[in-house]
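I opened my notebook today to look around a new protein model.

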Amino acid sequence: MPQHDGRHTTETTHRSVPSPGGRIHLAEQGSGPLVLLVHGFPESWYSWRHQLPAIAAAGYRAVAIDVRGYGRSSKPVATDAYRMLHLVEDNVAVVRALGEETAVVVGHDWGSPIAANSALLRPDVFRAVGLLSVPYTPRGGPRPGDVLARMGGEEELYVSYFQRPGRAEAEIEPDVRGWLAGLYAALSADTMPAPGAPDPHFVGRGATMRERFPAGWLPAWLGEKELDFYAGEFERTGFTGALNRYRNMDRDWEDLATFDGAPVTQPSLFIGGGLDASTTWLADAIEAYPVTLPGLVSSHILDGCGHWIQQERPAEVNRLLTDWLATLPA
């Protein structure tokens, strides 16, 4: 386990480093073996604000990035600039720019498949992988766009809703703060719609997502200050870069054909929320971990927790992360 003298754990430093798509902004705390933290949608490096000091205090160099298209990172114009292969290249570029040879990579939401594919495609760089909220599902099956289009029945799954350029932007960008507040509340344990209420993961024909969001209150983890930060980032950047991740799912399926069914063999960790659709809908993927994640060290479902697990339950997630990091070979 890394030794740490207690210095350099409280101050977060920010900088941007070169990447194939331009530059990647990162926030950093601590020293020691590198742990790269990759956020999801619609988030930011800031989503790891509780983990940076905890991982640094445990003796690691904790680095949280703004994924390409978000925050202070570059936002290429082309939709296909957000394919998975390019996001893996960004992660490798960050490791190299920090003067490191290897890193542990940890991702939440979309960051989870970005982290898993980073480990799958570049095992020489990523020596272990932590997956939060979204289980690992190897590439395979029919084209994702075709599968997702059938999932909604009379309604439309949010992923399909996001895939048409400009449509979600037209809903979100006139009121970024209100939309974010509603989405965060819709997927948080203490504010999500009651069982039997219309599911916010689906959109009625001709409707908008926000029509199914809770209104008028915030989840316990999200104060006005935190919401202001997220809203300020997306008001400045817009949502196209973030949404372009969804618009590359079929392209990823084509790009990764040679990895069909491939397991991620490095030491791994999974943490999911018991009330998160990402966990319940993909329960079969979790059951398949002995085959798909043969290096799995531990898997945890946090009872009564929603989707934003490292923000909803920071102390518990920090403990699980640092305990797992301590098991990894130096």
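Before anything else, I noted how elements get their names: helices (H or I, at least four residues) and strands (E, at least two) are DSSP runs, numbered from the N terminus. I also wrote down that this is a predicted model.

**Entry 1: a cis bond**

With those names in hand, I looked up P42 and found it in the loop between β3 (34-38) and α1 (51-57). The peptide bond that joins F41 and P42 is cis, and I read an omega of about -15° there.

**Entry 2: the whole chain**

I counted 15 helices and ten strands in the protein chain. Along its principal axes, the C-alpha trace spans about 55 × 45 × 40 Å.

Why do I call the radius of gyration in agreement with a compact globule? A compact globule with 330 residues would have a value near 20 Å, and the protein chain has 19 Å, so the two agree.

I then checked burial, and buried residues make up 56% of the 330 residues. For contacts between residues at least 6 apart in sequence, I noted that 77% join residues at least 24 apart. The accessible surface comes to about 13000 Å², and carbon and sulfur atoms hold 54% of that.

**Entry 3: two residues with positive phi**

D109 is not a glycine, yet its phi is positive, near 55°. I placed D109 in the loop between β5 (103-108) and α3. Is D109 buried or exposed? D109 counts as buried because its relative accessibility is 10%, and the cut-off for buried is under 20%.

S133 also has a positive phi, about 75°, although S133 is not a glycine. I found S133 in the loop between β6 (126-132) and α4. With a relative accessible area of 0%, S133 is buried.

**Entry 4: a residue on the outside**

For contrast I picked V291, which is found in helix α13 (residues 289-292). V291 has a relative accessible area of 64%, so I wrote it down as exposed.

**Entry 5: the pockets**

Then I turned to empty space. Rolling a probe the size of a water molecule over the atoms shows where such space is left.

The largest pocket has a volume of about 1300 Å³. It is lined by 46 residues, and the closest to its centre are W110, V134, T137, M249 and L282. Which helix gives the most to this lining? My note says α4, with four residues. Helices that each supply at least two residues include α3 (111-121) and α10 (249-255). By class, I listed 34 nonpolar, seven polar and five charged residues in the lining of the largest pocket.

The second largest pocket has a volume of about 320 Å³. Of its 18 lining residues, M192, P193, D199, H201 and L275 are the closest to its centre. Here the largest share of the lining, three residues, comes from α11. I listed twelve nonpolar, four polar and two charged residues in the lining of the second largest pocket.

**Entry 6: a cavity**

How many cavities of 30 Å³ or more does a search of the whole structure find? I got one. The largest cavity holds about 70 Å³ of space. Its lining includes H39, Y70, W110 and R245, and by class that lining has seven nonpolar, three polar and two charged residues.

Definitions and conventions: Residues numbered from 1 in each chain as written. Predicted model: local features only at pLDDT ≥ 70, side-chain atom pairs only at ≥ 80, totals over all residues. Heavy atoms only, no water. 1 Å grid on protein atoms, 1.4 Å probe; cavity = no way out; pocket = protein on both sides within 12 Å on 5 of 7 lines; lining within 4 Å. Points joined across faces, edges and corners; volume = space filled by probe spheres on them. Nonpolar A, V, L, I, M, F, W, Y, C, P; charged D, E, K, R; others polar. Rg over C-alpha atoms; globule rule 2.2 N^0.38 Å. Buried < 20%, exposed > 50% of the residue type's maximum accessible area, 1.4 Å probe, protein only. Contact = heavy atoms within 4.5 Å. Areas by Shrake-Rupley, 256 points an atom, 1.4 Å probe, with all protein chains shown as cover.
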